[in-house]
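Reader: I have a new model open and want to learn how to read it. Where do I start?

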Amino acid sequence: MEADRDVIIIGAGAAGLTAAQYAARANLNTLLLEELAPGGQCLIIDNLENYPGFPDPLPGIELSQKFEEQARNFGAEILTSSVQSVSKHGKLFTLDTDSGPLTAPTVIVATGAKHKKLGIPGEEQFSGRGVSYCATCDGPFFKGKRMLVAGGGDAACDEAMFLAKLTDQVIMVHRRDRFRAQRALAERTLKNPNIEVRWNTEAKAIKGDGKVEGVVLLRNDKNETYEEKVEAVFVFIGSIPQTQVVKNLEVKMDEAGYIVTNQRMETNIPGLYAVGDVRATPFRQLVVAAGEGAIAAHAAAQHIDELKGEAYV
Ligand code: NAP
């Protein structure tokens with residue numbers, strides 16, 4: 001079985017970097033491909049407070065760097081390259097990449113998910129000029145200003161609390177009358193004196209002249225529309241799994257488009273694994289993503305042994 005690598009991992013977030021670390025440590029010839037900087041979503045987390053082993057709040061960027069360092073220390077190669085597609089011929093996968101075609105008997109998809117957009121007038125127009133999907137990145141530009149946060153999940157609560165450190169005027173709108181976020185986060189958001197939560201409220205348009213100056217809000221239980229002056233709109237309404245790389249393979253996905261795997265993180269295609277936010281999982285957390293990366297690397301090593309007839313049974 002002639003292949004360029006034993007395992008190729010696509011995406012260097014927490015899941016991909018952990019898979020790379022475990023695969024390299026298991027002595028697999030491991031390549032990790034990432035089109036941007038290694039770290040994934042973890043890079044933009046202001047302060048992590050629930051990653052085990054770090055009792056004091058830890059900037060996400062620091063943890064990302066540690067993940068990367070550990071993977072490299074065990075011998076994983078990390079290459080900046082984007083993957084256009086993956087195909088399978090016999091027992092080998094071929095990845096069509098910016099660095100040319102690459103082959104491996106196992107591939108771990110760790111491509112994550114990207115933020116969802118509201119799809120309302122003004123959102124595209126003011127993107128980068130007051131409309132943002134990352135509080136840590138853009139919040140400091142609006143220090144002391146009136147800001148709007150749209151969403152009701154963990155991300156919206158986390159990011160609203162970050163923004164509430166920069167201003168005492170955060171308005172949070174959620175389309176229903178209670179948060180989807182975990183109870184602890186939801187309670188802290190509601191108690192924060194700098195956050196005003198408006199239930200049953202949807203952003204319908206973003207207005208301004210060259211930059212964001214206000215939003216049109218709909219109180220959906222009363223069918224009342226009104227305008228609110230804000231200088232920034234932060235959108236945290238969930239994510240879309242990034243599955244384009246496997247478009248040529250008949251990979252099983254759930255109704256929301258997340259990749260379905262068994263408990264070994266293997267998809268319906270032997271040798272193809274999915275981990276982290278791109279996978280159908282009940283709980284999207286860094287620690288879960290890292291755990292899934294470890295399982296997939298272990299399963300990939302076993303799969304290679306089986307292909308070589310060296311499996312210990
Ligand atoms: P999420 O859990 O899917 O929540 C999305 C929120 O946006 C929901 O409240 C939803 O409303 C609302 N929403 C969706 N589409 C909307 C639309 N078109 N207009 C207005 N509102 C809309 O997404 P998330 O908060 O990004 O979290 C994603 C995953 O990452 C979750 O598994 C989460 O647990 C995890 N995460 C965890 C942490 C943490 O543990 N600290 C932090 C961030 C993210 P409905 O409730 O009405 O559906």
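**Reading the ligand site**

Author: Start with the ligand. Domain 1 (7-114 + 239-308) and domain 2 (117-235) both give residues to the shell around the ligand, so the ligand lies between them. Keep in mind that this is a predicted model.

Reader: How many residues surround the ligand, and which are the closest?

Author: The shell holds 19 residues. Asp154, Asp158, Arg176, Arg180 and Gln285 are the closest.

Reader: How do the residues of that shell divide into nonpolar, polar and charged?

Author: Five are nonpolar, seven are polar and seven are charged.

Reader: Which helix gives the largest share of the shell?

Author: Helix 4 (residues 154-163) does, with three residues.

Reader: Now the polar contacts. What should I look for?

Author: Look for N or O atoms paired within 3.5 Å. Take Asp154: one of its polar side-chain atoms sits 2.5 Å from a ligand oxygen atom. At Asp158, a polar side-chain atom lies 2.9 Å from a ligand nitrogen atom.

Reader: How much of the ligand's accessible area does the protein cover?

Author: On its own, the ligand has 910 Å² of accessible area. The protein covers 76% of that.

Reader: Next, the nonpolar core. What is the general idea?

Author: In soluble globular proteins, nonpolar side chains tend to be buried together. Here, the largest nonpolar core has 35 residues. The members that touch the most others are Ile9, Leu17, Leu32, Leu63, Ile108, Val275 and Leu286.

Reader: Which helices and strands supply this core?

Author: Strand 1 (7-10), helix 1 (14-25), helix 2 (60-73) and helix 6 (286-308) each supply at least two residues. Helix 6 gives the largest share of this core, nine residues.

Reader: Last topic: backbone angles. Where is phi positive in a residue other than glycine?

Author: Asn27 is one case, with phi near 70°. Find Asn27 in the loop between helix 1 and strand 2 (30-34). Asn223 also has a positive phi, near 55°. Asn223 sits in the loop between strand 14 (212-219) and strand 15 (224-229).

Reader: Is Asn27 buried or exposed? And what about Asn223?

Author: Use the cut-off: exposed means over 50% relative accessible area. Asn27 has 70%, so Asn27 is exposed. Asn223 has 63%, so Asn223 is exposed too.

Conventions:
Residues are numbered from 1 along each chain as its sequence is written. This is a predicted model: local features need pLDDT of at least 70, side-chain atom pairs count only at pLDDT 80 or more; totals for chains, interfaces and linings use all residues. Side-chain values use heavy atoms; hydrogens and water are left out. A residue is near a molecule or strand if one of its heavy atoms lies within 4 Å of it. A polar contact is a pair of N or O atoms within 3.5 Å; within protein, one must be able to donate a hydrogen and the other to accept it, and residues adjacent in sequence count only if both atoms are side-chain atoms. Accessible areas come from the Shrake-Rupley method with a 1.4 Å probe; for residues, only the protein chains shown count as cover. Helices (H or I, at least four residues) and strands (E, at least two) are DSSP runs, numbered from the N terminus. Ala, Val, Leu, Ile, Met, Phe, Trp, Tyr, Cys and Pro count as nonpolar, Asp, Glu, Lys and Arg as charged, and the others, Gly among them, as polar. Domain bounds come from an automatic or database domain assignment. A nonpolar core is a set of buried Ala, Val, Leu, Ile, Met, Phe, Trp, Tyr and Cys residues joined through side-chain atoms within 4.5 Å. Buried means under 20% relative accessible area, exposed over 50%, partly exposed in between (1.4 Å probe, protein chains only).
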